[in-house]
Amino acid sequence: MAGDIHLFNRTASTTVNKGSNIMVKTHLEISDVSIEFPTPSGPFKALDGVDLKIKEGEFVSLIGHSGCGKSTVLNIVAGLYQATTGGVLLDGREVNTPGPERAVVFQNHSLLPWLSAYENVELAVKQVFKGKKSKAEIKEWIEHNLSLVHMDHAMHKRPDEISGGMKQRVGIARALAMEPKVLLMDEPFGALDALTRAHLQDSLMEIQNELNNTVIMITHDVDEAVLLSDRIVMMTNGPAATVGEILDIELARPRDRIALADDSQYNHYRHEVLRFLYEKQSKVEDIDQHRPKKVEAVEEEAPQKATA
Ligand SMILES: Nc1ncnc2c1ncn2[C@@H]1O[C@H](COP(=O)(O)OP(=O)(O)OP(=O)(O)O)[C@@H](O)[C@H]1O
Ligand SMILES: [Mg+2]
C-alpha cells in the first residue's frame, strides 16, 4: 500500500473557481488518489483517481453508498492510510502521516473510558499546546472548548457516566481544542437520536461559522448534507470508486432548518442528491463480487478494516 509515487515536490498550491469570478487559493488538495488494499485473494482497488480541491473554511460533505470508500478518503486525508498513487496537499505541502492540524471525529467518539471528559480533551490539548500555553491557559482553553459544545456542566464525568450524544460532543470539543486547520468527521452524528443530532448540527454550524475551520464530513443523511455543506461531493459505487458529481449548495447562512423545509432551492438540492444516489448510482452490488477470486477454496478472510 505504500505510495512511492512522489508527485508532490511542489509547494505552491493551485487555485479553484469558487463559483463566482473570484479565484480562491486551494487549501486542501486531494490529487488523483487511488488505493489498493492487499487482501488474501490479491489487491483490492477501493479508490481510483479521487480529485478534490477544497478552500479554507469550506464545509464539504462526502456522500455515497455504504462501502464505496468515503472513510478511506477521510483516512487518507488524516494520514492514517497511505494512498497507493496520488496524495494530499495541505497549503501546498504533502501530508501522508497524521498531524494535529487535521483532527478526526469518529462516529464512535473514541474517548478513553478511564478519563473524564475534561481529561480526554486535556490529553489532546497538551499534545498540541505543551510549552506554548501556561497551565492556567490550558485549563481555560479546555473549559472553553467544552462549553462550545455545551458540556461544561458535565466535564468531570467519565464516558460511561454520560449519554451517547454527550460523548460525541466531547469528541468534537477534543477535536476543536486542537485548533485544527481541517476537521475530519466520519458520520459524527450517525448514532444519535434525531433531536440530539439536530442540536449538534446547529452547534457545529455556529462553531464553524465562528472558527472558520475547513470541514470534511461523511454522512448518509441527505438533509444533513444539504443543511451543513457548501459543497456535497457524491461518490460513485465501488470498487475503484471516485468522485461522481459535486453539488454547490448556495443557501445563505446562517441556515434555519425549519425555514429551509419549505424552501424550493433547498428541496432542489435535496432532490439532486437523492437522484444521484437512487437513480444514477442505484445499483448497489455486493462489493465482494468484485474482489479477486481465490484459487483455493478456502474461506475468505474479513478485510482488515471494515466499514466505519
Ligand atoms: N484496510 C482495509 N483492507 C481491505 N479492504 C478495505 C480496508 N479498508 C476498507 N476496505 C474496503 O474498501 C471499501 C471502502 O471502504 P470504506 O470503509 O471506505 O467505505 P465507506 O464508504 O466508508 O462505507 P460505510 O458508509 O459503510 O462506512 C470497502 O469495500 C472496504 O471493505
Ligand atoms: Mg465509512
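**Helix packing around α4: exercises**

In this predicted model, the axes of helix α4 (residues 164–177) and helix α5 (residues 194–211) come within 11 Å and cross at roughly 15 degrees. Local features need pLDDT of at least 70, side-chain atom pairs count only at pLDDT 80 or more, and totals for chains, interfaces and linings use all residues. Residues are numbered from 1 along each chain as its sequence is written.

**Exercise 1.** Classify the orientation of α4 and α5, and state which residues make the contact.

*Solution.* Step 1: angles under 35 degrees count as roughly parallel, over 145 as roughly antiparallel, 65 to 115 as roughly perpendicular and the rest as oblique. α4 and α5 are therefore roughly parallel to each other.
Step 2: on the α4 side the contact involves Gly165, Gln168, Arg169 and Leu176, and on the α5 side Thr196, Leu200 and Ile207; residues are in contact if their C-beta atoms, placed from the backbone, lie within 7 Å.
Step 3: these residues comprise three nonpolar, three polar and one charged. Here Ala, Val, Leu, Ile, Met, Phe, Trp, Tyr, Cys and Pro count as nonpolar, Asp, Glu, Lys and Arg as charged, and the others, Gly among them, as polar.

**Exercise 2.** Determine how α3 is oriented to α4, and describe the residues of their contact.

*Solution.* Step 1: the axes of helix α3 (residues 135–148) and α4 come within 8 Å and cross at roughly 130 degrees. That angle makes α3 oblique to α4.
Step 2: Trp141, Ile142, Asn145, Leu146 and Leu148 of α3 meet Ala173, Leu176 and Ala177 of α4.
Step 3: the contact of α3 with α4 has seven nonpolar residues, one polar and no charged.

Terms used:
Chains lettered and ligands numbered in written order. Axes fitted to C-alpha atoms, helices over the stretch in contact; angles between N-to-C directions. Helix = DSSP H or I, 4+ residues; strand = E, 2+ residues; numbered from the N terminus. Contact = placed C-beta atoms within 7 Å.
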